[in-house]
Amino acid sequence: DYSLIPPFPKEILIDISSLCNHTCNFCANPQMVSKMHASSDLVYKVLKEAKKEGSEAVGLYATGEPFLNKELENFVKYAKQIKYKYVFVTTNGAAATPKRMKTAIDNGLDSIKFSIHGGTKETYKKIHGKDDFDRVIANLKSIDSYRKENNKNIKVYVSMVETFDNTSEKEILKKIVEKYIDGWDLKKMFNSCGT
């Protein structure tokens, strides 16, 4: 049964910030010309209208770092208040401080994925353009401790985009993070067309 009008998506992404604090060497974000936070009014409007049309899950990220938007925790809270079943983010983890993560979790965040693209500080800095490896790992450990100590049902994942620079460090990173996460997501590098 085909229709010219497809059903409204059950899952949406809202790009709450196109700003990023890293300059990953495989990412298009550093070349983006116009970077900004989404208007809070627009985010609330999209959340409300998409829910009314049948969306059940929302990711509060796309081209930038969601924790650079100071309203992230409020967006999570509102999405849960209007009955989104699943609210999630992907972050590079550098700005995901323990305080901000705790608030996001307490407001109902269902999952968080850390994008970490090196198993050593040197490779991480080469790929991310920032020397934040230790901070990100500390933030990851902090969220794991918080959820366990407070019986919070949030899922924590780590993704790694495999590049020529880090291919030998896949198992190194996995070993560092595996006891703090629920899932490991290794991805091959590809362009927007999937090749």
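Where is Asn151 found? Select Asn151: the residue sits in the loop between helix H5 (133–149) and strand S5 (155–162). Helices (H or I, at least four residues) and strands (E, at least two) are DSSP runs, numbered from the N terminus.

This is a predicted model, in which local features need pLDDT of at least 70 and side-chain atom pairs count only at pLDDT 80 or more, while totals for chains, interfaces and linings use all residues. Residues are numbered from 1 along each chain as its sequence is written, and side-chain values use heavy atoms, with hydrogens and water left out.

**Stop 1: two positive phi values**

Stay on Asn151. Its phi is near 50°, a positive value in a residue other than glycine. Most residues other than glycine have a negative phi. At 72% relative accessibility, Asn151 counts as exposed. Here buried means under 20% relative accessible area, exposed over 50%, and partly exposed in between (1.4 Å probe, protein chains only).

Now select Lys83, in the loop between H2 and S3. Its phi, near 80°, is also positive. Lys83 is exposed, with a relative accessible area of 60%.

**Stop 2: helix H2**

An α-helix has 3.6 residues a turn, so residues three or four places apart point the same way.

**Stop 3: H2 against H3**

Keep H2 and H3 on screen. Their axes come within 8 Å and cross at roughly 10°. The two helices are therefore roughly parallel to each other. Axes are lines fitted to C-alpha atoms, for helices over the stretch in contact, and angles run from 0 to 180 degrees between N-to-C directions. Roughly parallel means an angle under 35 degrees; over 145 is roughly antiparallel, 65 to 115 roughly perpendicular, and the rest oblique.

Select Leu72, Glu73 and Val76 of H2, then Arg100, Thr103 and Ala104 of H3: these make the contact. They divide into three nonpolar, one polar and two charged. Ala, Val, Leu, Ile, Met, Phe, Trp, Tyr, Cys and Pro count as nonpolar, Asp, Glu, Lys and Arg as charged, and the others, Gly among them, as polar.

**Stop 4: salt bridges**

The whole structure holds 14 salt bridges. Each is a side-chain nitrogen of Lys or Arg within 4 Å of a carboxyl oxygen of Asp or Glu.

Start with Lys80 and Asp110, whose closest N and O atoms are 2.9 Å apart. Lys80 lies in H2 and Asp110 in the loop between H3 and strand S4 (111–115), so the pair ties together parts 30 residues apart in sequence. Lys80 is partly exposed at 23% relative accessibility. Asp110 is buried, at 16%.

Next, select Lys113 and Asp185, a salt bridge of 2.9 Å, N to O. Lys113 is in S4 and Asp185 in strand S6 (residues 183–188), 72 residues apart. Asp185 is partly exposed, at 22%.

Asp185 also meets Lys187 in a salt bridge (3.1 Å, N to O). Lys187 is partly exposed, at 35%.

Terms used: Contact means heavy atoms within 4.5 Å.
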